[in-house]
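Trainee: I have this one open on the screen. Where do we start?

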Amino acid sequence: RYLIHNAWDFRMWHQNDEMAHYDYIWKLAHQFRHPASYEKIAPEIAKFSANSLGYPRPENLILPDYGLGLQGYSYEAHQTPFYYYLMSAMEALASLLKFPMGERLRILRLLSALLMITSWLIFLEMMLKISRHLVLSTAFALLATGILALFSAAHHYHISNDQAGLLCGVLIMRTMFNWQPKPENRHLYKLVTLCLIAALTKLSNILWFIPVFLLKGQYLYTNQISWKTLRMKNLILSVWPLLMGIPFFLNNGSGADNAISETARLFSIISPGMFDNYFFLDTFLRKAFALDVLNIQTGNDGAVFLLLLMVILTVLWVFMISHLVKSFPHILWSMSAWPIVLFTAAFLNRHVGSVFWFEFRIFSSFYPPLILFFLLPIPLWHFIHSKKSFNL
């Protein structure tokens, strides 16, 4: 209810770059082209902001920030295009039906919120299946799904590719968990397709290829899948999502666009997270675990406590590796996504400027492995040592 209400109640642009996201959609729908990051926001959007939302008129400002505290450029132009293609089709249809811009924005917000709600339902279905096999109560599945909703819903009612990223992550993880004693090659082709769609939705999702290939690498190494049975034709067909990315790659490879705008560069340079490792860790974990939303003040020890808890759980995961490799490889390798994301974000934050890497929403696709990394080890440990058979 909170999500739908905030999506419909459009009184101002959401602080997390909503206007720039919509500018991307608007230019695809009405000008049939990808934006460039050095371009200004479409005048129609600036005019709507001033006339309907009460923002200052752009001609009265020294910098075109439209009163948002952000420069008014298309600085989301570097985002991969899949989500924007889908939303631009709806924007074009709603415009054709003569919906005013305010109503079109509400429709796009609702669609984005529905993507997130769909993610929760698919995750719940996956958790119910896990609970049945691990002989856990339905409450465990509901708890995990409730945590996912809590972590992901905060400030995600606006137009953004974060919600679509979460849906991609849930679908990838669900497919990985669709493990059988004798895996089928079609799961590999499906996972490759899903990983490409995820990367074309948000580039950070390319990290999903690592756990997927680790899982399939084990299958090949143990001869559960044979190289001889892999059909190159099917593997090539599974990369069809790349066709949707061709216009985007041509646009960003033309040399006319810097891919990341000067706005993002400026904000990252002035951010203390670019220079302080503890600030990064504290902020990244606070945002990942929605501590700000819960108004939990952990002081200076919050990040240390969460890091210590992760170390303890990692030790427990390591003690189960021999069992996991043999019987639960899909769980083992999907759980590796969480430390991969944490270390990748830390490295990028330290060495690659121009993006707020401590914003966990960049990695919203990885909420499922984050949650299960914390919730699964104890019941899984108990199940393994109860010597029961397990097929998921």
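Mentor: With Glu359, which counts as buried because its relative accessibility is 13%. Buried means under 20% relative accessible area, exposed over 50%, and partly exposed in between (1.4 Å probe, protein chains only).

Trainee: And what sort of model is this?

Mentor: It is predicted, so local features need pLDDT of at least 70 and side-chain atom pairs 80 or more, while totals for chains, interfaces and linings use all residues. Numbering runs from 1 along each chain as its sequence is written, and side-chain values use heavy atoms, without hydrogens or water.

Trainee: Fine. Which residue does Glu359 pair with?

Mentor: Lys287, in a salt bridge whose closest N and O atoms are 3.5 Å apart. A salt bridge here is a side-chain nitrogen of Lys or Arg within 4 Å of a carboxyl oxygen of Asp or Glu.

Trainee: How does Lys287 count, buried, exposed or partly exposed?

Mentor: Partly exposed, because its relative accessibility is 29%.

Trainee: Which other residues are in the network with Lys287 and Glu359?

Mentor: Asp17 and Arg361; salt bridges link the four. Within that group, Arg361 bridges to Asp17, with 3.8 Å between the closest N and O atoms. This pair also joins distant parts of the chain, 344 residues apart: Arg361 sits in the loop between α17 (337–351) and α18 (367–375), and Asp17 in the loop between α1 (2–8) and α2 (18–31). Both Arg361 and Asp17 are buried.

Trainee: What does Glu18 do?

Mentor: Its side chain forms a salt bridge with that of Arg109, at 2.8 Å from N to O. Again the link is between distant parts of the chain, with Glu18 in helix α2 and Arg109 in helix α5 (residues 101–133), 91 residues apart. Glu18 and Arg109 are both buried.

Trainee: How many salt bridges in the whole structure?

Mentor: The search finds 11.

Trainee: Change of topic. What is the chain built from, helices or strands?

Mentor: There are 19 helices and 0 strands. Both are DSSP runs numbered from the N terminus: helices are H or I with at least four residues, strands E with at least two.

Trainee: How much of the chain counts as buried?

Mentor: 54% of the 392 residues. Of the contacts with a separation of 6 or more, 77% are between residues 24 or more positions apart. Contact means heavy atoms within 4.5 Å.

Trainee: Back to α2. At what angle does α2 pack on α3?

Mentor: About 135 degrees, and the axes of α2 and helix α3 (residues 43–52) are 10 Å apart. Axes are lines fitted to C-alpha atoms, for helices over the stretch in contact, and angles run from 0 to 180 degrees between N-to-C directions. α2 and α3 are therefore oblique to each other. From α2, the contact uses Met19, Tyr22, Asp23 and Trp26; from α3, Glu44, Ile45 and Ser49.

Trainee: Where do the cut-offs for oblique come from?

Mentor: Under 35 degrees is roughly parallel, over 145 roughly antiparallel, 65 to 115 roughly perpendicular, and the rest oblique.

Trainee: Is Met19 buried or exposed?

Mentor: Met19, in helix α2, counts as buried because its relative accessibility is 5%.

Trainee: Last topic. What is the phi of Phe32?

Mentor: Near 55 degrees, which is positive in a residue other than glycine. Most residues other than glycine have a negative phi. Phe32 is in the loop between α2 and α3, and it counts as exposed because its relative accessibility is 72%.

Trainee: And where is Val135?

Mentor: In the loop between α5 and α6 (138–153). Val135 also has a positive phi, near 55 degrees. With a relative accessible area of 56%, Val135 is exposed.
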